[in-house]
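The following exercises concern a single protein chain, and each is followed by a worked solution. Please inspect the sequence and the structure before reading the solutions.

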Amino acid sequence: MTTPPDRVRLRGKSNPRAVLTDEKVRRLRQQRSNGADLAMLAAEYDISLSQARDIVNGKYWSHIE
């Protein structure tokens, strides 16, 4: 599904509903790569387990390395 031409897709912290910042995303991914539990990270960053998983796997916030 594509975004209609009259709508601008706000990504990351540009989206006013974003809970995370670019730095928090980087920190979350770093903590996970160091072995942190995904459920613990989700609770720490106040996001759902599925959101944390998708961020770590690059489905969400893919524009952040």
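**Exercise 1.** Determine whether A42 is buried or exposed, and identify which residues A42 is in contact with, leaving aside neighbours within four places in sequence.

*Solution.* 
1. In this predicted model, A42 has a relative accessibility of 4%. Buried means under 20% relative accessible area, so A42 counts as buried.
2. A42 lies in helix α2.
3. Leaving aside neighbours within four places in sequence, A42 is in contact with I47, S48, L49 and A52.
4. A further distance relates A42 to R53: the two are 11 residues apart in sequence, and their C-alpha atoms are 8.6 Å apart in space.

**Exercise 2.** Describe the secondary structure of the chain and state what share of its residues is buried.

*Solution.* 
1. The protein chain comes to 3 helices and 0 strands. Along the sequence, the pattern reads α-α-α.
2. Of the 65 residues in the protein chain, 26% are buried.
3. The chain exposes about 5000 Å², of which carbon and sulfur atoms supply 47%.
4. For contacts between residues at least 6 apart in sequence, 55% join residues at least 24 apart.

**Exercise 3.** Identify which residues of helix α3 are buried, and explain why they line one face of the helix.

*Solution.* 
1. Helix α3 spans residues 49-56, and A52, D54 and I55 are buried in it.
2. Viewed down the axis of α3, the buried residues fall within an arc of 165°, and therefore they line one face of the helix.
3. The packing partners of these buried residues are α1 (22-33) and α2 (38-44).
4. Just after α3, G58 takes a positive phi of about 85°.

**Exercise 4.** Locate the salt bridge of the structure and classify the accessibility of D54 and of R53.

*Solution.* 
1. The structure holds 1 salt bridge.
2. The salt bridge is formed by D54 with R53, whose closest N and O atoms are 3.4 Å apart. The cut-off for such a pair is 4 Å.
3. D54 has a relative accessibility of 9% and so counts as buried.
4. R53, in contrast, is partly exposed, with a relative accessible area of 40%.

**Exercise 5.** Find the C-alpha separations of T21 and W61 and of H63 and D22, and classify the accessibility of T21 and H63.

*Solution.* 
1. T21 lies in the segment before α1. With a relative accessible area of 33%, T21 is partly exposed.
2. T21 and W61 are 40 residues apart along the chain, and their C-alpha atoms are separated by 9.7 Å.
3. H63 is placed in the segment after α3. Its relative accessible area is 35%, so H63 is partly exposed.
4. H63 and D22 are 41 residues apart along the chain, and 9.4 Å separates their C-alpha atoms.

Methods: Residues are numbered from 1 along each chain as its sequence is written. This is a predicted model: local features need pLDDT of at least 70, side-chain atom pairs count only at pLDDT 80 or more; totals for chains, interfaces and linings use all residues. Side-chain values use heavy atoms; hydrogens and water are left out. Helices (H or I, at least four residues) and strands (E, at least two) are DSSP runs, numbered from the N terminus. Buried means under 20% relative accessible area, exposed over 50%, partly exposed in between (1.4 Å probe, protein chains only). Contact means heavy atoms within 4.5 Å. Accessible areas come from the Shrake-Rupley method with a 1.4 Å probe; for residues, only the protein chains shown count as cover. The arc is that of the directions from the helix axis to the C-beta atoms. A salt bridge is a side-chain nitrogen of Lys or Arg within 4 Å of a carboxyl oxygen of Asp or Glu.
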